[in-house]
Each structure stands twice: as C-alpha cells, then as structure tokens.
Amino acid sequence: MLGVLAGQPITVTVTGDASLRSRPMRRVTTPLSKMGAVVREMGEPDRLPVEMTGGKLSALEYESPVATAQVKSCLLLAGLVGGAFVLFSEPYRTRDHTERMLGMCGVSVISHQAGGVWRVELRDPPDQIPPLDFEVPGDFSSATFLLALAILGGVEGGLEIDHVGVNPTRCGLLKVLDRMGAGVSADASADSAADGSTASSVGYSADSSADDGSEPVSALRAMPSKLVGTSVGADEVAGMIDEVPILAVLAARAE
C-alpha cells in the first residue's frame, strides 16, 4: 500500500492495528524516500503511523540487506504507479507473486541471478495496465498443516488436496519434506493454472510455472511416513518462511 501511495500526488496518513504498528517501516520508507516520496514519522520512530506525500518518482537501484518479498513488491508497485525504473536486488530469490501478476498485465519485469544476488527489474512502466481476471489458487501454507497431519499418520490412507498454488518461489518445504522421507507428491498434469489455462507439471522443480507465467497449481498428496532429520540452508528459508512452524512440528517427530 505504501508503494502505491508513494506514486500518487496526494498526502495521506497510514496507520494500522497493534500488530502493524509494531513492525519496522523504514525498510520500505527509506527506499521510497530515495525515489522522491516525502515521509514523516508521526509517532514512535520506524513505526506506523506515517504521513506520506507522493507524486512522480525517480528511478531507483536498491540492494536489500535481507531477502524480502514485501519490500520488493512495495518498490515495484511504487515504480509502476510513479512511472519510474526500479532495480531491486536481494541476497536470495523470494516469492514472485507480484512479478507474475505484473507480467500478466503486460508490464516488463525481468528477474535473474547476477553477481551473487537475485535482481528484479521494472522497465518502462506503462501509464495504464489492462484489467485482469484472476483466480487465486488454494494457499500452500494452509495446505501444509493438513499434509503434516497425514504424514504423521493422522489420516488413514493419506489425503489429497486439489488446486493448491505451488509457486516454486514459495513451496520450498516440499524439497525439505522429500529429504526427510515424507510421502508427499505434487502433480499438475490434470490441474489448471490460476487464470484457467493448462499448467505444466510441477513436481519439485525450482523453475516450473504455467506456460504464460501465471501461478501454477497442483493436487498435493500425502501419506503416513517415517521421517528422518535434515539440514535447511539459509538459501532455502525464503522459499518456506511461513512453513517453518509446521516444519518444527514434523522435525520433532523425525529421527
């Protein structure tokens, strides 16, 4: 929201509930200020509420010290609304829902590995984007709790969950479960992409996607399994950040 507002010629005050007011804001307000937005903190430093005056923005090249899809999306939307080039770099690749959505609207967004970091470029943002019909697939994070139940033997005969979003940048838990010996499989051959087109096979590929770049979906299946321990590297965490709690539950039952 701050990114969208930064590109508008208005002055607004943004606040939130107690949870939102406890979160650091300078990680987004600092790069937005570099683009030309004027931000004034109205309470505790680095927290909401903030007052923002937006408008036409300047190009930005920003290297984030941490991998963060939220900051990346904020700056991409700021560049889109504010008509500015954005080059965002982060230590590891993070979930790419925003890039996919923009690409489906005809916006030029390029993602690639370079110089030991992951870079995302917003080039020549258009003045307008067309409307988009889009079906949000089932949430992978929510599905993992049911998968865990089946893996631990809580569902006789296992279970299958249809039409789950398996975006390769956010279902990294599947690779970890595979190493742990969990009987989990993903198959997109009979499913559709989130916009209704046919999705390609997913499995555990890090680069799989629907043919048109939309969100891939799959049926996920899980069977009771005997688990073994594994190590999770720093480069894997960004792709499974929301699933770390359920991984901890499964790890507690692994050898």
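**Buried residues, salt bridges and polar contacts**

Colleague: Why is Arg 95 called buried?

Modeller: Arg 95 has a relative accessible area of 17%. Buried means under 20%, exposed over 50% and partly exposed in between, with a 1.4 Å probe and protein chains only. So Arg 95 counts as buried. This is a predicted model: local features need pLDDT of at least 70, side-chain atom pairs count only at pLDDT 80 or more, and totals for chains, interfaces and linings use all residues. Residues are numbered from 1 along each chain as its sequence is written, and side-chain values use heavy atoms, with hydrogens and water left out.

Colleague: What makes Asp 242 and Arg 95 a salt bridge?

Modeller: Their closest N and O atoms are 3.3 Å apart. A salt bridge needs a side-chain nitrogen of Lys or Arg within 4 Å of a carboxyl oxygen of Asp or Glu, so the pair qualifies. Asp 242 sits in the loop between helix 8 (234-237) and helix 9 (244-251), and Arg 95 in the loop between strand 5 and helix 5 (97-104), so the pair ties together parts 147 residues apart in sequence. Helices (H or I, at least four residues) and strands (E, at least two) are DSSP runs, numbered from the N terminus.

Colleague: Is Asp 242 buried, partly exposed or exposed?

Modeller: Partly exposed, because its relative accessible area is 42%.

Colleague: How do you know that Glu 90 and Lys 72 form a salt bridge?

Modeller: Their closest N and O atoms are 3.8 Å apart, so they fall within the cut-off. Glu 90 is in strand 5 (residues 86-90) and Lys 72 in helix 4 (residues 69-82), 18 residues apart. Glu 90 has a relative accessible area of 1%, so it is buried. Lys 72 is at 0%, and therefore buried. Lys 72, Glu 90 and Glu 99 are linked in a network of salt bridges.

Colleague: How many salt bridges does the structure hold?

Modeller: The structure holds 13. One of them joins Lys 226 and Glu 255, with the closest N and O atoms 3.3 Å apart. Lys 226 is exposed, and so is Glu 255.

Colleague: Why does Thr 169 count as buried?

Modeller: Its relative accessibility is 6%, so it falls under the limit for buried. Thr 169 is in the loop between strand 8 (159-165) and helix 7 (173-179).

Colleague: With which side chain does the side chain of Thr 169 make a polar contact?

Modeller: With that of Asn 167, at 2.5 Å. A polar contact is a pair of N or O atoms within 3.5 Å; within protein, one must be able to donate a hydrogen and the other to accept it, and residues adjacent in sequence count only if both atoms are side-chain atoms. The side chain of Thr 169 also reaches the backbone nitrogen of Asp 96 at 3.0 Å.
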